[in-house]
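Please consider the model shown below.

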Amino acid sequence: MPAKPGPEMTGPLKFIRPVLQGLLMLAVVSSAVADEKLYIFTENYPPYNASTTGQGFAHNEDDITGICTDMVKTMMERVDYEYVMKMRDWSRAYEWVQGRENHALFCTARTEEREDEFQWVGPLASIKWTLFAAPDSNIQLESLEGARQYKIAGYKGDVMSDYLVSEGFDLVMNVSGEQNPRRLVLGQADLWVTDGLVGPLVAEEEHDITGLKPVLVFRETPMYLAVSNETAPAIVEDLQAALDEARDSGALDSIAQRYEP
């Protein structure tokens, strides 16, 4: 025997129920998004990202500082997502993030070659692609082509190093760039490709080397938070909106000014 149909809704109730159902579904979706946990990685690349412990790695956000790091933290304060921040070798972190949902990496130079590998949130800061020579070097360059005769120190996974390799330059590389200032003074490399701020800072803090010579700045690239393609676009949109809000409020400019030499 069929169930007896209930009384048909009439009047205002007929229109209120669909609205209530829609609001309930929206609340469930919003709650699910808020419950997402993000895994954010970076590298030791002062002054953009730096370990407060002096180590080249870190397991939580309290041990990581720097221009980009503080910008990302400020962005995350404006969203409801929980997150874990870790510092690892760049090449390993770069490979780890790709293919994993809710994973991201900063500060990542956004280039044409990388465009389809990630979803992008930014910009955060910019890097100046600079060739440094040892303090006592006589090398002078008018263009990048002039560097082809020299051995250049870089590191694996770095966008500047990868670019020079792709263009046929002679590079010596390891998993990080921290030893590259010593390569210059020991004569193991003629030039070192790195960011204009990073080079002198790493040389002095890690090896007490001062007076590196910037012989050529050949490009400038904006850096972003690179989010895996497996992450929901709605999360990326939320992060971008939070970063834009931080920028409009002046918070990002204040962070950059704190690190000015």
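Leaving aside neighbours within four places in sequence, Ser161 makes contact (heavy atoms within 4.5 Å) with Gly154, Tyr155, Leu171, Met173 and Val193. Ser161 lies in helix 4, residues 159-166. Its relative accessibility is 0%, so Ser161 counts as buried; buried means under 20% relative accessible area, with a 1.4 Å probe and protein chains only.

The model is predicted: local features need pLDDT of at least 70 and side-chain atom pairs count only at pLDDT 80 or more, whereas totals for chains, interfaces and linings use all residues. Residues are numbered from 1 along each chain as its sequence is written, and side-chain values use heavy atoms, with hydrogens and water left out.

The protein chain contains eight helices and 11 strands; these are DSSP runs numbered from the N terminus, helices being H or I of at least four residues and strands E of at least two. Of its 261 residues, 45% count as buried. Among contacts between residues at least 6 apart in sequence, 73% join residues at least 24 apart.

The largest nonpolar core has 78 residues, of which Met76, Leu131, Leu191 and Leu239 touch the most other members. Such a core is a set of buried Ala, Val, Leu, Ile, Met, Phe, Trp, Tyr and Cys residues joined through side-chain atoms within 4.5 Å. Strand 11 (residues 213-228) gives the largest share of this core, eight residues.

Helix 6 (residues 198-207) has as its buried residues Val198, Gly199, Val202, Ala203 and His207. Seen down the helix axis, they fall within an arc of 120 degrees, so they line one face of helix 6; the arc is taken from the directions from the axis to the C-beta atoms. Their cover includes strand 7 (126-133), helix 5 (180-185) and strand 10 (191-195). Just after helix 6, Asp208 takes a positive phi of about 55 degrees.

The structure also holds eight aromatic pairs. Rings of Phe, Tyr and Trp (its six-membered ring) pair if their centres lie within 6.5 Å; planes under 30 degrees apart count as stacked, over 60 as edge-to-face and the rest as tilted. Trp129 and Phe218 form an edge-to-face pair, 5.8 Å centre to centre with 90 degrees between the planes. This pair links distant parts of the chain, with Trp129 in strand 7 and Phe218 in strand 11, 89 residues apart. Trp129 is buried, with a relative accessible area of 0%.

Methods:
Buried < 20%, exposed > 50% of the residue type's maximum accessible area, 1.4 Å probe, protein only.
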